[in-house]
Amino acid sequence: MRRITLTQYLVEQQREKGVVSGELRLLIEVVARACKSISNAVSKGALTGLLGGAGTDNVQGEAQKKLDVISNEVLLEANEWGGHLAAMASEEMEHPHQIPNRYPRGEFLLLIDPLDGSSNIDVNVSVGTIFSVLRCPEGVKDPDEKAFLQPGARQVAAGFAVYGPSTTLVLTVGNGVAGFTLDREMGSWVLTQPKIEIPVDTAEFAINMSNMRNWSAPVKRYIDECLAGKNGPLGKDYNMRWVASMVADVYRILTRGGIFMYPQDAKHKEGRLRLLYEASPMSFIVEQAGGAATNGHQRLLDVQPERLHQRVGVILGSRNEVERVSGYYKPAD
Ligand code: F6P
């Protein structure tokens, strides 16, 4: 069987489909290469003494893990010198990271969540890296936070890696979604899912049930209906899955369908997940795979960001189910 690598896939997207420029191809390859080293560091677990906290907090006041800090550094270093980036922003840094003057600057902005789900590292559950690529606004020489405040619909590429039993990479350049698996011996990303499509219907939901007392009426109604099973209004028995690593939960939905919810609630008034480097890239990927993504009121890709580290409510996955839930929302919810 002929194996198609990430490089070949991108060259084909560039040559035949015209959706990838040389600069964007370099950017994606550099990010994917950085993900290989993060995967390597994560897979060593306790052997390298890298489990546990770094003793610092990130900008959202969350305790950073050693591997959060290392993954961030790996991605920054890998992306600084190539000439493809105008600036980078990360969950782990309060302000955008400027490209040092000794390197040329490019036309793209890169946003990253270097190690999503990092509370799962120490317990050996899947974690991952999420990234989103935007174009730097015309005429902006030194991109500050404002340059990054673009709705998700303007992304030119998005993807995420999952460091699980196997290491996988999911990618969209706006022409469908492809999945790659890391061949560790060869050191290459091999195309294993050429065209990922999310089934439109599902009987599997993912939500952190411990937030139930804080939920809004539409969320409560939907989950009650799921729990009512075959004899309830939805007419089927539902299963629940919650990994608590968004990368793993979304990967499952891309593989076999489902609905993932981290909605705004009485405790998470703005939502829990970050708009620019979690919700936006995942929404782009999910829509490109035929699914839907909303905050209940609005398509997530249309939300105009106001702050770099802004949070947002997220409901995404199998189209019919996501549309059902957003149909339950009223303007006041
Ligand atoms: O934003 C990081 C993250 O770990 C997501 O990957 C995950 O979906 C969520 O937080 C889980 O949060 P909690 O444990 O608060 O429900």
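Between the two domains, 46 residues of domain 1 are in contact with 32 residues of domain 2. The model is predicted. Its protein chain is divided into domain 1, residues 6-193, and domain 2, residues 204-332.

**Domain interface: area**
- The centres of domain 1 and domain 2, taken over C-alpha atoms, are separated by 24 Å.
- About 2,900 Å² is buried between domain 1 and domain 2, and carbon and sulfur atoms give 62% of this area.
- On the side of domain 1, Ile-130, Leu-149 and Phe-160 lose the most area to domain 2, together 18% of what that side buries.

**Domain interface: polar terms**
- Four salt bridges are counted between domain 1 and domain 2.
- Arg-311 forms a salt bridge with Glu-62, with 3.7 Å between the closest N and O atoms.
- Residue pairs in polar contact between domain 1 and domain 2, both at pLDDT 80 or more, number 18.
- The elements giving two or more residues to the side of domain 1 that touches domain 2 are β3 (85-90), β5 (108-116), β6 (127-135), α4 (145-148), β7 (157-163) and β8.

**Helix α1**
- Helix α1 covers residues 6-17, and its end C-alpha atoms are 15 Å apart; this agrees with the 16 Å that its 12 residues should span at 1.5 Å a residue.
- Leu-6, Tyr-9, Leu-10, Val-11 and Gln-13 of α1 are buried.
- The buried residues of α1 pack against α2 (22-43) and against the strands β8 (167-172), β9 (177-183) and β10 (188-193).
- Gly-18 follows α1 and has a positive phi, near 65°.

Definitions and conventions: Residues are numbered from 1 along each chain as its sequence is written. This is a predicted model: local features need pLDDT of at least 70, side-chain atom pairs count only at pLDDT 80 or more; totals for chains, interfaces and linings use all residues. Side-chain values use heavy atoms; hydrogens and water are left out. Helices (H or I, at least four residues) and strands (E, at least two) are DSSP runs, numbered from the N terminus. The expected span of a helix is 1.5 Å times one less than its number of residues. Buried means under 20% relative accessible area, exposed over 50%, partly exposed in between (1.4 Å probe, protein chains only). Contact means heavy atoms within 4.5 Å. Domain bounds come from an automatic or database domain assignment. Buried area is the accessible area (1.4 Å probe) that two parts lose on being put together, summed over both. A salt bridge is a side-chain nitrogen of Lys or Arg within 4 Å of a carboxyl oxygen of Asp or Glu. A polar contact is a pair of N or O atoms within 3.5 Å; within protein, one must be able to donate a hydrogen and the other to accept it, and residues adjacent in sequence count only if both atoms are side-chain atoms.
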